[in-house]
Amino acid sequence: MALATRVTRLLGIEHPIVQGGMMWVGRAELASAVSNAGGLGMLTALTQPTPDDLRREIERCRGMTDKPFGVNLTILPSVTPPPYAEYRRAIIDSGVRIVETAGHRPQEHVEDFKAHGITVIHKCTAVRHALSAERMGVDIISIDGFECAGHPGEDDIPGLILIPAAADKVKIPMLASGGFADGRGLVAALTLGAEGINMGTRFCATVEAPIHDAIKQLIVSNDERATNLIFRRFHNTGRVAKTSVSDQVVEISARPDAVFEDIRPLVSGAKGRSALETGDLDAGLIWAGQVQGLIHDVPTCRQLIERIVGDAQNLIAARLSGFVKQGDA
């Protein structure tokens, strides 16, 4: 039994499982492994220092898989923003057919991608944002619950509510994101109205994830309580793994007179990259979600995806069907 949905048909993939675009993690090694296993792998554009580096990474990924893969372009407000238009042009010129957008005011980028026939997934943390993206013309919504790693928005709505609330109003296909790691989650997402799942933290704890094994083991050893919410007072809430660094960020931010400059040295992207690459848990922030409590091993991407899909099929065909009482003959 295959799990065929509008998402699998639209993206041309075997299984309704998408790898989230993660800074410093979404490289060719991981993206190609996910795609080769039947899911959709995702490169992260801004992980590459320049648009030309992104072009080379796309070609490197293409040399590692003949299956569909996508590129994530996250647009964030910044005093000195990256050259988003140049990254966008690199994606288009490289012939990428699937893009995941996220962040601040993506309309310019969505319009250009759509004009070039690219399928656009847009990540949202609220129903109102999902409806706005649908009107903008995106093809798939990735709806991100409060459990997620990264930036869950400011509404604090968990997936159990957010996914069906969005499904009640959004007409295009949806991916459920935030808190997914196994077949139970995939079945739950399909039941709540999504047509696939987007996983980030779970894919960090795989053999092919290009990060240090100490980070993978941290994720495995952590439970669902082992996250911190940071940047709350600055209205840019982020969820990260609970470490000495994120504990310091929370402590400093709680001071009545705290300003962002007080924590800037602790939260720089360069330090987070150092933590991922060296395994030094005290080097910088490590982004991870509450789903850590459901992660107990470090499989290959193929083993993980096959296990998720197999468990989901068994749940649907056996356990759930067993709850349905048949009428009298």
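Against which elements do the buried residues of α4 pack?

1. This is a predicted model, in which local features need pLDDT of at least 70, side-chain atom pairs count only at pLDDT 80 or more, and totals for chains, interfaces and linings use all residues. Residues are numbered from 1 along each chain as its sequence is written, and side-chain values use heavy atoms, with hydrogens and water left out.

2. Helix α4 spans residues 84-93; helices (H or I, at least four residues) and strands (E, at least two) are DSSP runs, numbered from the N terminus. Tyr84, Tyr87, Arg88, Ala90, Ile91 and Ile92 of α4 are buried, that is, under 20% relative accessible area with a 1.4 Å probe and protein chains only. The buried residues of α4 pack against α3, β3, β4 and α5 (107-115), where contact means heavy atoms within 4.5 Å. Just after α4, Gly95 has a positive phi of about 80 degrees.

3. Strand β3 (residues 69-75) is mostly covered, with six of its seven residues buried. β3 pairs in the parallel sense with β2 (residues 41-44) over four bridges; two strands pair if DSSP finds at least two bridges between them. Gly41 stands opposite Phe69 in β3.

4. With β4 (residues 98-103), β3 also pairs in the parallel sense, over five bridges. Here Ile75 stands opposite Gly103 in β4. From β3 the chain crosses through α4 to β4 in a right-handed β-α-β crossover: with the strands pointing away from the viewer, the path from the first strand over the helix to the second runs clockwise.

5. A right-handed β-α-β unit is also made by β2, helix α3 (residues 51-62) and β3.

Key. Buried means under 20% relative accessible area, exposed over 50%, partly exposed in between (1.4 Å probe, protein chains only).
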